Amino acid sequence: MPELPEVETIRRGLAPAAEGRTVRDVRFTPEGERLLRGVPPNWFRERLRCRRIEEVGRRGKYLLFRLDNSDYFIAHLRMTGRFEVEDASAPESNFFRAALLLDDGRELRWRDVRRFGTWDVAPNLDAIEAKLGPEPLEAGWTAATLAAAVHGRSAPIKAILLDQRRVAGLGNIYVDEALHAARVHPLRPGASLSQAEVERLHSAVRAALLGGLENFGTTLRDFVNAYGMEGRNRVMLRVYGRAGEPCLTCATPIARIVVGGRGTHLCLNCQPVPGAAAGRAS
Ligand SMILES: [Zn+2]
């Protein structure tokens, strides 16, 4: 599933193609109508048609297209959704589901193998903001913010970091990478982290996300940017997807466990199990 660096990479590709352009029409394949989750396609089309896209933004894993009447077109890629900028005359690729036709003859085409993506139009971002915590790359997200998010929590630190209400935009890949870099076991209860560990984790989350952005996202299977190019961050991963391979820090084979239903990769030497960490600390 695309996380903050992948969604931001797509946003950066879409913005120059979409900003200032007017939506001429919106079209759906029959399967593409599932994006709307019951909203009639005609209602949706009327909200976008003839509207100029003022700005393409992002919040967490949501893409936000601010329109000239101050409505927002809000898209979430979920598992396999993607936007691609293409000439309206170009042949449609497999799993093409829907498109916004722009006034320059190009289309923002939506492709989605698994069909879990969503499209909405809303007069403001209240519903989105209610579901999301702070943006981890903004200056306001400090080690103290993270300390407050884990304070008193018995939930595993991995589950806390994946909770979009605690911090927006993180997913399985970057959380596993950050926990390894910070030398924190994913099952550690949030409240058990020391101040030093919180500070390490705060830096590690930022570094993992910035690294992902710098490399245009992580392509494991099918992530591509708005122009069909794969991200280059996969080779930078130190634990995610490397079960059985040697830890790049200590050569211990990377383990795979399940935390909250999510496959989780870690080094049991660099990230001691919760009991061992408590024993060592005392
Ligand atoms: Zn290790």
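Colleague: Hi! What should I know before I start?

Modeller: It's a predicted model, where local features need pLDDT of at least 70, side-chain atom pairs count only at pLDDT 80 or more, and totals for chains, interfaces and linings use all residues. Residues are numbered from 1 along each chain as its sequence is written, and side-chain values use heavy atoms, leaving out hydrogens and water.

Colleague: Thanks! What order do the four strands of the open sheet have?

Modeller: The order is 1-6-7-5, with antiparallel pairing. Strands (E, at least two residues) and helices (H or I, at least four) are DSSP runs numbered from the N terminus, and two strands pair if DSSP finds at least two bridges between them.

Colleague: And which strands stand at the edges?

Modeller: Strand 1 (23-28) and strand 5 (81-87); each has a single partner strand, so one side of each is left without a neighbour in the sheet.

Colleague: How many bridges join strand 6 and strand 7?

Modeller: Five, linking residues 96-102 with residues 106-112 in the antiparallel sense. Phe96 has Arg111 in strand 7 as its bridge partner.

Colleague: Switching topic, at what angle do helix 6 and helix 7 pack?

Modeller: About 135°, with the axes 8 Å apart; helix 6 is residues 172-182 and helix 7 is residues 195-214. Axes are lines fitted to C-alpha atoms, for helices over the stretch in contact, and angles between N-to-C directions run from 0 to 180 degrees.

Colleague: Which residues make the contact?

Modeller: On helix 6, they include Tyr174 and Leu179, and on helix 7, Leu201 and Val205 are among them. Contact means heavy atoms within 4.5 Å.
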